Amino acid sequence: MLKRPAFHIDISRCTGCKTCMIACIDKHDLPLGVMWRRVIEYVGGEWVERPDDTYTQNVFSYYLSVSCNHCQNPICVRSCPTTAMHKGEDGIVSVDPDKCVGCRYCEWGCPYSAPQYNAEIGKMTKCDFCRDYLQEGKEPACVAACPCRALDFGEYEELAAKYGELNIVAPLPDPNITQPNLIVTPSKYAKPGGSKAGKISNPEEV
Amino acid sequence: MFSSDWSLVLFTILVQSAVGIVVITEGARLFSGAKGATLRLQTPTACVLTALGLVLSLTHLGTPLHSVFTIMNLGNSWLSREILSVSGFFAAILVLAVVRMRDAEAKAAPLSLLAMVLGLFAVFVMTKVYLLETVPVWNTVATAFSFYGTTLLAGAVVCGVIGSIENGGKECGESCTSVTGLLCVFAQLGLALKFIAIVLNMVALSNVDSLGVSGLDIVASEGLTVLVLRIAMICAGVGVFTWFGLKAMGAKQLRVAMNPALCALALVMAGEIIDRLMFYGTYMRIGI
């Protein structure tokens, strides 16, 4: 059993194909509009003047596949009035449907849009790290489905040793707020956290 | 820009109005010697408004039957604390309402003071619910100014209307005009707080963007006319209320005339509802 489960995203490998999203929706049989994993397209760029007075462009685009990061200091758990949102001994943040009142306060606070409201059941739902798959020794559905091997998972310390400890690029939020168990490998186009160089070009999808 | 969170809009306005009614009228009884007979229906009305607000808040929940669990995280969640504090305020004014209905002149100073303190504390906790570090537009002192502004403004005008209803045809006593004067002062004070909140809110909106959209863009693109209308409505409401309040005081009448009081209430409430819809509609969270 993992103690501090974490996800790794390799932006340089991600092509934005959204197979991870589909695999997650399929595995958990999620209704329309409920997305435990979302792929954000971050784009930007402008004309730049060269030293010889000619112009070029610095257009960039990259994808971020993000689900719940099962944070060390989860704002959803702190704000949940019922304690339905909780962090288990296995480090997985999950919702107790027998307690959730469907107030959506966790949704207001989480800067990763992890808690997702399911109107069919009137309760919050979210990524459970494919807990059942983990117990069977399998990979989470999103990780297993990624055709580019841009996603990885594991014990945070092991992932950190393998990929480093970077956990923010634009447009991810300040990691100090929730201390996400997320590790990012940037592409050469990735902008630093807090950068306003680009914008999310597919807000209707995420 | 406009939110569909009608249940939260009405819950917050109704409870804040109720707190305003209790703070103003119980304060008037305690500290300015207002006659109890002229303020008999105020606290029971506040009680009804709070009960209505609490019932409406249930319609916001996906699973209302689980609402019993909502006070289980008092140690961490301001939402838990809000539910407990509003319930505590409701319990206090329910007892106070029974006392007032039985004997309008009953002193009940400790209970009266307790209801006022619990009411103001409930508005503080309601404010804290929205001070989320991931929602910078809400996470400013503007939210507190706005909520306490509604408390005083709506509370004063509702008090005026109730006074108009219950005091029709009564003789004017010595202290009869002091309550009307107090209501006018609190309405003006509430309006001042709302103006401070509007300015601070615009500053907050100009400093944030979410998903590439600036906060001010939202207001500018969809809501400038509505923002002006909302300001005009609350100003007109307070203007009408104060003008006729002063007229009543000058003529030594016990109450603000009914029609202007109702007109002021309609204007202020319409402005407050638009204000709160805009508040929820400008929800912009950092991150993705």
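**Layout, sheets and interface**

Modeller: From the N terminus on, the elements of chain B follow the order α-α-α-α-α-α-β-β-α-α. That gives chain B 8 helices and 2 strands. Please keep in mind that this is a predicted model.

Colleague: How confident is the prediction for chain B, then?

Modeller: The mean pLDDT of chain B is 90, and 91% of the residues score at least 70. Among the elements of chain B, helix α4 (residues 109-130) has the highest mean pLDDT, 97, while strand β2 (residues 213-214) of chain B has the lowest, 60. For the model, ipTM is 0.91 and pTM is 0.92.

Colleague: What is the radius of gyration of chain B, and does it agree or disagree with a compact globule?

Modeller: Chain B has a radius of gyration of 19 Å, which agrees with the value near 19 Å for a compact globule of 288 residues. Along the principal axes, the C-alpha atoms of chain B fill a box of roughly 60 × 40 × 25 Å. Of the 288 residues, 52% count as buried. Contacts in chain B with a separation of 6 or more come to 81% from residues 24 or more positions apart.

Colleague: And chain A: how many helices and strands are there?

Modeller: Chain A contains 6 helices and 12 strands. Its radius of gyration is 18 Å, close to the 17 Å from the globule rule for 206 residues, so chain A is as compact as a globular protein of that length. The box filled by its C-alpha atoms is roughly 65 × 35 × 30 Å along the principal axes.

Colleague: What share of chain A is buried?

Modeller: Buried residues make up 42% of the 206 residues in chain A. As for contacts between residues at least 6 apart in sequence, 61% in chain A join residues at least 24 apart.

Colleague: Let us turn to the sheets. Which strands pair with β2 of chain A, in the order of the open sheet?

Modeller: The order is β5-β2-β12 in chain A, an open sheet of 3 strands with antiparallel pairing. β5 (60-66) and β12 of chain A are the edge strands, each pairing on one side only. Neighbouring strands of this sheet are turned by 25° against each other on average, direction ignored.

Colleague: How many bridges are there between β2 and β5 of chain A?

Modeller: Strand β2 (residues 38-44) of chain A pairs with β5(A) over 7 bridges, in the antiparallel sense. A:I40, for instance, has A:L64 in β5(A) as its bridge partner.

Colleague: What is the order of the open sheet with mixed pairing?

Modeller: That sheet of 3 strands in chain A has the order β10-β1-β11. Its edge strands are β10 (151-155) and β11 (182-185) of chain A. On average, neighbouring strands are turned by 20° against each other, direction ignored. Helix α6 (residues 156-163) of chain A packs on this sheet and touches β1, β10 and β11 of chain A. The direction of α6 in chain A makes about 130° with that of β10(A).

Colleague: Do β1 and β11 of chain A run parallel or antiparallel?

Modeller: Strand β1 (residues 5-10) of chain A and β11(A) run parallel, joined by 4 bridges. A:H8 stands opposite A:I183 in β11(A).

Colleague: Finally, how many residues of chain A are in contact with chain B?

Modeller: 31 residues of chain A are in contact with 25 residues of chain B. On the chain A side, α2 (75-79), α3 (105-109) and β12 (198-200) each supply at least two residues. By class, that side has 20 nonpolar, 7 polar and 4 charged residues.

Definitions and conventions. Residues are numbered from 1 along each chain as its sequence is written. Chains are lettered from A and ligands numbered from 1 in the order in which they are written. This is a predicted model: local features need pLDDT of at least 70, side-chain atom pairs count only at pLDDT 80 or more; totals for chains, interfaces and linings use all residues. Two residues are in contact if their C-beta atoms, placed from the backbone, lie within 7 Å. Ala, Val, Leu, Ile, Met, Phe, Trp, Tyr, Cys and Pro count as nonpolar, Asp, Glu, Lys and Arg as charged, and the others, Gly among them, as polar. The radius of gyration is taken over C-alpha atoms; the globule rule is 2.2 Å times the number of residues to the power 0.38. A residue is buried if 20 or more other C-beta atoms lie within 10 Å of its own, exposed if 12 or fewer, and partly exposed in between; C-beta atoms are placed from the backbone. Two strands pair if DSSP finds at least two bridges between them. Axes are lines fitted to C-alpha atoms, for helices over the stretch in contact, and angles run from 0 to 180 degrees between N-to-C directions. pLDDT is the predictor's confidence in each residue, from 0 to 100.
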